[in-house]
Amino acid sequence: MSKIVSAIANTITSLGMVIFVLLMTVVTMLFVGHGLYYQVFVKCMSPWQADMAAWILSCGIETTVLVITANVKYFSSKQLPIFFAICSGFIVLFFIDAFNTTQPILDIAVRWFIGAMVCGLNYVYSELFVKKFNDELQATDMIKQIETLKQENEEYNRTISLIKSELSVAKEDSVKLLNQLVELEEFKRREIEKVTCKCGQVFTSIYKLAAHKATCSSNPNKGQKVSAFDDVPSNRIRVMK
Ligand SMILES: [Zn+2]
């Protein structure tokens with residue numbers, strides 16, 4: 001039920017409905033204008049000429065009014081819709097003989113009311129059409145902008161995903177490098193320890209260390225002949241053998 005109500009509301013408030021009502025008043029004014037012009041032209045033309053001229057003039061005037069109304073934003077003066085609305089009101093007033101003062105006052109009032117109503121309707125709908133049309137253009141522009149922003153957002157997301165994956169790979173590489181560095185540091189520490197005397201001196205080879213130990217005060221076996229192979233790890237000795 002709510003869908004039907006909203007569909008009706010959308011139809012009533014749509015640009016299409018405004019155009020439909022505007023066209024109804026234009027078509028009505030075609031007949032009214034023709035009737036008025038015919039009354040004038042027939043006094044100086046043959047009936048068929050007056051009839052044809054009245055139709056052509058009525059169509060020309062109403063088309064002009066419609067085109068001007070639709071393109072009023074291109075004119076410097078915003079009073080054109082008011083001018084044409086007043087003109088259409090007077091066309092109706094002349095056509096329905098509203099200026100004939102011999103009629104009862106009530107008849108004259110009714111005719112003037114119809115003229116004023118047509119005048120007001122023409123003005124209101126011409127204004128409404130222009131504003132509604134501009135709203136539709138803005139809405140279309142906004143939809144295009146939203147689509148563009150969505151596409152840009154998708155591209156940004158793809159770029160961010162790519163950067164995240166690259167960052168993850170770089171993080172794994174850095175962890176591997178750090179582990180290798182720790183292993184290298186440990187290896188370096190062990191190698192230095194092998195050529196370091198108890199007194200703290202570091203030598204470039206185990207042979208120089210062995211030579212130093214023979215005279216080192218920190219060595220409890222100082223003075224004894226020391227083999228250079230004493231400081232070589234047993235596994236290395238086995239390999240050498
Ligand atoms: Zn020493």
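Biologist: What share of the residues in the protein chain is buried?

Modeller: Buried residues come to 13% of the 241 in the chain. Keep in mind that this is a predicted model.

Biologist: OK. And what is the radius of gyration of the protein chain?

Modeller: The chain has 51 Å, whereas a compact globule of 241 residues would be near 18 Å. The C-alpha trace spans about 155 × 40 × 30 Å along its principal axes.

Biologist: What's it built from, then: how many helices and how many strands?

Modeller: Seven helices and zero strands. From the N terminus on, the order is simply α-α-α-α-α-α-α.

Biologist: Tell me about α5. How many residues does it have, and how far does it reach?

Modeller: Helix α5 covers residues 105-194, which is 90 residues. From first C-alpha to last it reaches 130 Å, close to the 134 Å expected at 1.5 Å a residue.

Biologist: Why does α5 lie largely in the open?

Modeller: Because seven of its 90 residues are buried.

Biologist: Which ones are they?

Modeller: Gly115, Val118, Cys119, Asn122, Tyr125, Ser126 and Phe129.

Biologist: And what covers those buried residues of α5?

Modeller: The cover includes α2 (15-41), α3 (47-70) and α4 (80-95).

Biologist: Switching to contacts: of those with a separation of 6 or more, what percentage joins residues 24 or more positions apart?

Modeller: That's 47% for the protein chain.

Key: Residues are numbered from 1 along each chain as its sequence is written. This is a predicted model: local features need pLDDT of at least 70, side-chain atom pairs count only at pLDDT 80 or more; totals for chains, interfaces and linings use all residues. Helices (H or I, at least four residues) and strands (E, at least two) are DSSP runs, numbered from the N terminus. The expected span of a helix is 1.5 Å times one less than its number of residues. A residue is buried if 20 or more other C-beta atoms lie within 10 Å of its own, exposed if 12 or fewer, and partly exposed in between; C-beta atoms are placed from the backbone. Two residues are in contact if their C-beta atoms, placed from the backbone, lie within 7 Å. The radius of gyration is taken over C-alpha atoms; the globule rule is 2.2 Å times the number of residues to the power 0.38.
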